[in-house]
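Subject: Structure handover

Hello,

Please look through it first; my notes follow below.

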Amino acid sequence: MARNTISVIQALRQTALNLEKSADYQWGHMGSCNCGFLAQVITGQSKRVIHTAALQRYGDWNEQLNDYCPTSGYRMDDLVSEMLAFGFDADDLRNLERLSDRDILRQLPPQERNLRHNVKADVVRYLRAWSAMIESSMIGDITLSTDDFAPAADNNERSLSLHYSD
């Protein structure tokens, strides 16, 4: 599962926003599909560059991920490497392309879990649920204790320090 980081949350939310505002969503286009929109946010590459890189080999995102080799020299593998280094794993990307991660789907009300992988509004819903799930997990990892209170230097107020455990 994706790393619980603020940058991952921001990338998911920016992807949802870009997708929502775009008229260019096309599930069959490697640069304009679910993973393609996320790749644009993470790598800063255009949909055309991503699609062109994908055409060096065969297959959709799932097949490209199955054949992924970080030292292949293929531009698509370099793009995937950037996405993995950013905080996602190959299963995250496979699941995004099909909107199929069960933990993410459980974040949605039962009547909204039957998402269609090639419907823009459903992809946006999935991305937002995913970012909310990570955010909730991060908030759940914050602990407070009375040992964390320290007197402020200039008055009688106490300051609080928060600790987040990765």
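By about how many helical turns are Tyr126 and Trp130 separated in helix H8? They are separated by about one helical turn, because they sit four residues apart in H8, which covers residues 120-140. Please keep in mind throughout that this is a predicted model.

Aromatic residues

The search of the whole structure turned up four aromatic pairs. In one of them, Phe86 and Phe88, the ring centres are 6.2 Å apart and the planes lie at 5 degrees, so this pair is stacked. The rings of Tyr126 and Trp130 have centres 6.1 Å apart, but their planes are at 70 degrees; planes over 60 degrees apart count as edge-to-face, and therefore this pair is edge-to-face. Phe86, Phe88, Tyr126 and Trp130 together form one aromatic cluster.

Phe86 has a relative accessible area of 27%. Since buried means under 20%, Phe86 is classed as partly exposed.

Thr43

Thr43 belongs to helix H2, which spans residues 34-43. Its relative accessible area is 12%, so Thr43 is buried.

Helices H2 and H6

H2 also meets helix H6, which is made of residues 90-98. The two axes come within 7 Å and cross at roughly 130 degrees. That angle makes H2 oblique to H6. On the H2 side the contact involves Asn34, Cys35 and Leu38, and on the H6 side Leu93, Leu96 and Glu97. Sorted by class, the contact of H2 with H6 has four nonpolar residues, one polar and one charged.

That is what I have on this structure for now.

Regards

Notes
Residues numbered from 1 in each chain as written. Predicted model: local features only at pLDDT ≥ 70, side-chain atom pairs only at ≥ 80, totals over all residues. Heavy atoms only, no water. Helix = DSSP H or I, 4+ residues; strand = E, 2+ residues; numbered from the N terminus. Buried < 20%, exposed > 50% of the residue type's maximum accessible area, 1.4 Å probe, protein only. Axes fitted to C-alpha atoms, helices over the stretch in contact; angles between N-to-C directions. Parallel < 35°, antiparallel > 145°, perpendicular 65-115°, else oblique. Contact = heavy atoms within 4.5 Å. Nonpolar A, V, L, I, M, F, W, Y, C, P; charged D, E, K, R; others polar. Phe/Tyr/Trp six-rings, centres within 6.5 Å; stacked < 30°, edge-to-face > 60°.
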